[in-house]
Amino acid sequence: YLKKIVTTWGVPAERIAVIYNGFDVPMIQEKKEDVREKLGMRGHIIVSVGRLVPWKGFVELMEMMPTLLQKIPDANLFIIGDGPYRGLLEEKIKLLALPDRVKLVGKLSQEELFAYLKAADVFVLNTSYEGFSHQLLEVMALGTPVITTAVGGNVEIIENKKNGILLPLHDTQSFVEAIISLYSDRALVQALTLSAETRVKEFSDERMLKQLSYELAWMA
């Protein structure tokens, strides 16, 4: 995705090598249920993370909640992050009458963030712009299924219905249906998370350094 952007600057595509960053897999030994207990979480937990800005799609995600609650009565949405849109999101929660169902958690330490990601039943990233998201890799490594938009670098990490779910941008109905499907189909959740854990292993420091060494040798 970023290679395509750089080619628009006049750099020939054949002179650009894409080398994905190495990724340190987050480790939490505790089971999901134990982490949820520590965090005091109950019900079906939906987590989203990002800077509180318009292109992250948090307003649209909040607007899905009334419909989701009809099918998932114990659904709870946790939005982690901070930014200039926080006041607007707080007002949106009041407008939708969802103060008990939607929580703006704020910015967390990495350790705290990983705990929330581990505790979640599903991670939803309703973004209209994304580069290569290490956030998605972290979620996948922690065994939580991913639903996100088919934009930017997301398509380079997620293979739809194999290791996650990719959906068209602004397709609210598809997001609602996907969240409900993961709620009701445990076999699908297990299949996605197992495949995701395998996919994450491809983004190792060893692979990154080997590819970098190869490209440098070729350039020499």
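M219 sits in helix α9, which spans residues 205–219. Helices here are DSSP runs of H or I with at least four residues, strands are runs of E with at least two, and both are numbered from the N terminus. M219 is exposed, because its relative accessibility is 60%. The cut-offs are these: buried is under 20% relative accessible area, exposed is over 50%, and partly exposed is in between, with a 1.4 Å probe and protein chains only.

M219 also belongs to a nonpolar surface patch of about 720 Å², together with L209, L212, Y214, L216 and W218. Patch residues have over 30% relative accessible area and no salt bridge; like charges are joined within 9 Å, and nonpolar side chains (Val, Leu, Ile, Met, Phe, Trp, Tyr) within 5 Å. Areas come from Shrake-Rupley with a 1.4 Å probe, and for residues only the protein chains shown count as cover.

A word on provenance. This is a predicted model, where local features need pLDDT of at least 70, side-chain atom pairs count only at pLDDT 80 or more, and totals for chains, interfaces and linings use all residues. Residues are numbered from 1 along each chain as its sequence is written, and side-chain values use heavy atoms, with hydrogens and water left out.

Of its 16 lining residues, K32, G143, R186, V189 and T193 are closest to the centre. On the method: a pocket is an open set of points on a 1 Å grid over the protein atoms alone, where a 1.4 Å probe fits, with protein on both sides within 12 Å along at least five of seven lines; lining residues have an atom within 4 Å of a point. Points are joined across faces, edges and corners, and the volume is the space filled by probe spheres set on them.

Which helix gives the most to that lining? It is α8, with six residues. Both α2 (32–39) and α8 (186–200) supply at least two. By class, the lining has nine charged, four nonpolar and three polar residues. Nonpolar means Ala, Val, Leu, Ile, Met, Phe, Trp, Tyr, Cys and Pro; charged means Asp, Glu, Lys and Arg; the others, Gly among them, are polar.

The second largest pocket holds about 240 Å³. It has 14 lining residues, with V49, G50, R51, G81 and Q135 nearest its centre. That lining splits into five nonpolar, four polar and five charged.

Now backbone. Most residues other than glycine have a negative phi. K161 has a positive one, near 65°. K161 lies in the loop between β5 (146–149) and β6 (165–167), and is exposed at 65%. H170 also has a positive phi, about 70°. H170 is in the loop between β6 and α7 (172–184), and is exposed at 63%.

Last, salt bridges. There are nine. The criterion is a Lys or Arg side-chain nitrogen within 4 Å of a carboxyl oxygen of Asp or Glu. E30 and K38 pair at 2.7 Å, N to O. E30 is partly exposed at 31%, while K38 is exposed at 64%.

K92 and E63 pair at 2.8 Å, N to O. This pair links distant parts of the chain, 29 residues apart: K92 in α4 (residues 86–95), E63 in α3 (residues 58–71). Is K92 buried or exposed? K92 is buried, at 16%. E63 is partly exposed, at 39%.
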